[in-house]
Structures are given as C-alpha cells and as structure tokens.
Amino acid sequence: MSDETITILAIESSCDDTGAAVIHNRKILANIIARQEIHEKYGGVVPELASRAHQQNIIPTVDVALKTAGIAKENLDAIAYTRGPGLMGSLLVGGTFAKALSLALNIPLIEVNHMHGHIMAHFIDDNGKKTPEFPFICLTVSGGHTQLVLCKSYFEMEIIGDTNDDAAGEAFDKAAKILELPYPGGPLIDKYGKDGDIHKFQFPKPQIADYNYSFSGLKTSFLYFIEKNKKANPNFITENLNDICASYQHAIVSFLLNKLKKAANDLGIKQIAIAGGVSANSYLRNELSLLAQKENWEVYIPKFEYCTDNAAMIAITAHYKFINKDFSNQKNASLARMSF
Ligand code: KG4
Ligand code: ZN
C-alpha cells in the first residue's frame with residue numbers, strides 16, 4: 001500500500017478527554033474531543049469517573065469523527081489507540097474499543113505512546129506548514145510529564161531531561177487550586193496572568209542538575225506565600241490575582257526555557273519544538289519566540305487544538321507506524337507507565 005492511500009481512525013483516552021480522529025495520509029479529516037467537565041468540582045481528575053465517562057462518550061465520539069470525515073468504517077486501513085502512559089481505567093476503554101473494531105473490520109491495530117504522539121503532532125500536514133527537521137529538541141510539557149526530548153527521527157527519541165517530581169502542568173494546576181480556581185487551572189493562570197506584573201512577586205529558582213526539572217519546591221513556596229499573605233490580608237488573592245498569576249507563571253516558564261536553552265547550546269541544535277498541554281500557554285509561546293530570535297533558533301509551536309490531549313496526534317503517529325508496518329497485537333495490554 002502506498003503512502004497515498006492511508007486512512008486511519010485513532011482513539012485517545014489516556015486521561016479525561018475522549019478523542020477520536022480520522023487521518024488521510026498526513027491530513028486530519030476530523031479531530032473530535034469529548035471533554036469531561038465532571039472533574040472540575042473535584043479539583044482534579046477522578047480516575048473512576050473518567051473511565052465511566054469514556055465508556056459513555058466513546059461510541060458517539062467515534063461516530064461523529066467518521067461522519068465529520070465523511071469516511072465509512074469499511075474504508076479505514078487501520079485502527080490506532082493510545083496504549084499508555086495514562087490512567088489504567090481510561091486507557092482500557094479506548095484500547096478495548098480499538099481492539100474490537102480492528103477485529104470486526106479485520107484491519108491492522110496500531111498502538112501509540114501518548115508522549116510520542118504529543119511530539120509527532122508537529123508532522124500533521126497543516127496546509128503545508130513547515131515541519132521540524134531532525135535532529136530537533138522538543139520540550140514536552142503536560143499535566144503528567146515535563147521532558148526534554150532529543151528527536152533524531154520519527155521513531156528515535158531520547159529523553160535527555162525529565163522532572164524529578166511534579167510536572168509543569170501540575171505546578172500550574174496545584175497553584176490554581178491554592179488560588180481556589182477550578183480544575184484544570186493552567187488555562188486560568190494563563191488568562192489572569194496576561195494583565196499582571198511578572199516581577200511583582202519573587203519565587204525561588206529551583207536548582208536542579210543537568211537538563212532535569214523539579215516543581216515541588218516551587219509549589220510549596222507558592223502555598224506558604226499565599227497562606228502568609230492571606231493571614232495579613234484576607235482579600236490578598238482577589239486584590240492581586242493578575243500579578244500573582246503573572247509572577248508565578250514567569251517562574252515556571254523561565255525555568256522551562258533556561259534548561260531548554262542549556263540543552264540546545266550544549267548539543268548545538270537550533271531546531272526547537274514544544275508540545276503537550278502546557279505548550280498552549282501564551283506566555284510560554286511568547287517567551288519562546290523571543291528567545292528563538294536571540295538564539296537564532298527555528299521554533300515549532302503546535303496549533304492550540306494539537307497541544308492539549310487529542311486523537312489527531314495519535315493518528316499522525318499511527319500514519320508513520322503504518323508505513324513501517326509496525327502493527328500491534330491484540331494481546332498487548334494497556335500500560336499506565338510506558339517509556340518510548
Ligand atoms: O497534554 P495534556 O492535555 O494532558 C496530559 O497529557 O497531561 O495537558 C494538560 C495540562 C494541564 O495541567 C493543564 O492545566 C495544562 O496542560 N494547560 C495549560 C494551558 N492549557 C492547558 N497550562 C498553562 N497554560 C495553558 N494555557
Ligand atoms: Zn497529554
């Protein structure tokens with residue numbers, strides 16, 4: 001089968017969003033997401049509720065994706081799904097559905113690593129938009145991961161830096177919870193921070209070796225900072241929300257970019273990408289673009305819809321796996337932890 005005729009249905013269900021996408025060659029024909037609002041009031045994803053919602057959402061989501069794409073399931077060449085990493089109950093719903101559909105249609109099954117998918121989103125054909133050239137460094141920042149990845153080819157990716165504790169997305173979400181904002185708080189900190197002063201409040205700069213990260217100290221110092229100030233002024237948060245968000249966001253983003261800069265300089269790489277939910281952050285996107293001008297980097301920033309969890313990124317990864325005939329096995333179990 002040539003590259004010209006590959007049509008794949010991809011399913012993503014690693015956390016709290018049920019995603020289904022249809023890809024034809026490298027073009028996305030449909031990218032449907034059913035978001036689960038139930039978690040907002042709990043201040044975080046409740047795994048059992050997430051799996052139940054996936055069960056309810058998966059059939060309608062897939063149905064809408066196929067209809068939007070105008071593709072009959074008989075015309076699909078393969079079914080792809082996220083094997084891991086993620087929440088086990090959530091992964092099982094998407095995985096089981098994908099396996100059953102591939103059996104029923106008698107077409108290949110393709111498994112995708114979610115973190116690989118976040119990076120591969122850069123290779124979606126978006127009206128001929130330029131794609132990164134190998135080797136490039138990708139800063140993958142999400143609710144569960146913070147990684148600096150040296151990407152040597154579509155399938156050769158080496159994690160050169162990782163977080164020792166919390167992920168960048170958690171640093172956003174946990175601070176938002178302290179500020180009594182709903183989950184996920186990252187986009188809200190972004191929103192309030194836009195009108196704030198980044199230098200109003202100072203937070204400690206984490207001192208971590210190599211290209212690694214750590215966010216737990218920053219989060220704890222944020223908690224003490226808010227508690228102390230609330231004691232002195234019960235309205236401290238509401239009176240200073242924009243400045244608090246801007247200053248805290250500045251601390252996270254500076255840390256992320258300092259390590260990225262160090263890795264790029266040490267390795268002599270000027271092709272730089274960002275991926276994952278936190279790459280939707282407007283301050284990070286702006287600061288990265290400014291740094292790129294200074295450092296003479298070529299930067300690749302995904303479209304918003306391909307930053308947070310989506311099935312299009314699973315579909316594009318599956319496209320390249322299909323070309324390599326890298327098919328999966330019905331026996332392969334979902335994996336809560338999975339390296340790539
Ligand atoms: O990649 P993703 O959708 O799911 C995981 O694989 O974890 O990332 C979700 C994370 C959440 O922590 C969310 O707060 C964060 O991405 N996020 C943001 C923004 N949009 C999403 N963080 C900061 N600013 C944003 N605009
Ligand atoms: Zn993700």
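Predicted model: local features only at pLDDT ≥ 70, side-chain atom pairs only at ≥ 80, totals over all residues.
Strands here are DSSP runs of E with at least two residues, helices are runs of H or I with at least four, and both are numbered from the N terminus. Two strands count as paired if DSSP finds at least two bridges between them. Within this pair, L9 sits opposite I79 of β4. As for what holds such neighbours together, strands of a sheet pair through backbone hydrogen bonds, either parallel or antiparallel.

The two strands belong to an open sheet of five, ordered β3-β2-β1-β4-β5, and its pairing is mixed. At the edges are β3 (27-35) and β5 (109-113), each of which pairs on one side only. From one strand to the next, the twist averages 20 degrees. Helix α1 (residues 47-69) lies across β1, β2 (17-24) and β3, and runs at about 25 degrees to β2. Such angles run from 0 to 180 degrees between N-to-C directions, with axes being lines fitted to C-alpha atoms, for helices over the stretch in contact; contact means heavy atoms within 4.5 Å.

Next come the charged side chains. The whole structure has 18 salt bridges, each one a side-chain nitrogen of Lys or Arg within 4 Å of a carboxyl oxygen of Asp or Glu. One of them joins K73 and E74, at 4.0 Å from N to O. K73 counts as partly exposed because its relative accessibility is 39%, while E74, at 59%, counts as exposed. The cut-offs are under 20% relative accessible area for buried, over 50% for exposed and partly exposed in between, with a 1.4 Å probe and protein chains only.

K130 takes part in a salt bridge with E133, their closest N and O atoms being 3.0 Å apart, and K130 also meets E298 at 3.4 Å, N to O. E298 lies in strand β10 (residues 298-300) and K130 in the loop between α3 (114-120) and β6 (136-141), so this pair ties together parts that are 168 residues apart in sequence. E298 is partly exposed at 34%; so are K130, at 43%, and E133, at 44%. Elsewhere, D166, E170, K174 and K219 are joined into one network by salt bridges that share partners.

A word on conventions: residues are numbered from 1 along each chain as its sequence is written, with chains lettered from A and ligands numbered from 1 in the order in which they are written. Local features need pLDDT of at least 70, side-chain atom pairs count only at pLDDT 80 or more, and totals for chains, interfaces and linings use all residues, while side-chain values use heavy atoms, leaving out hydrogens and water.
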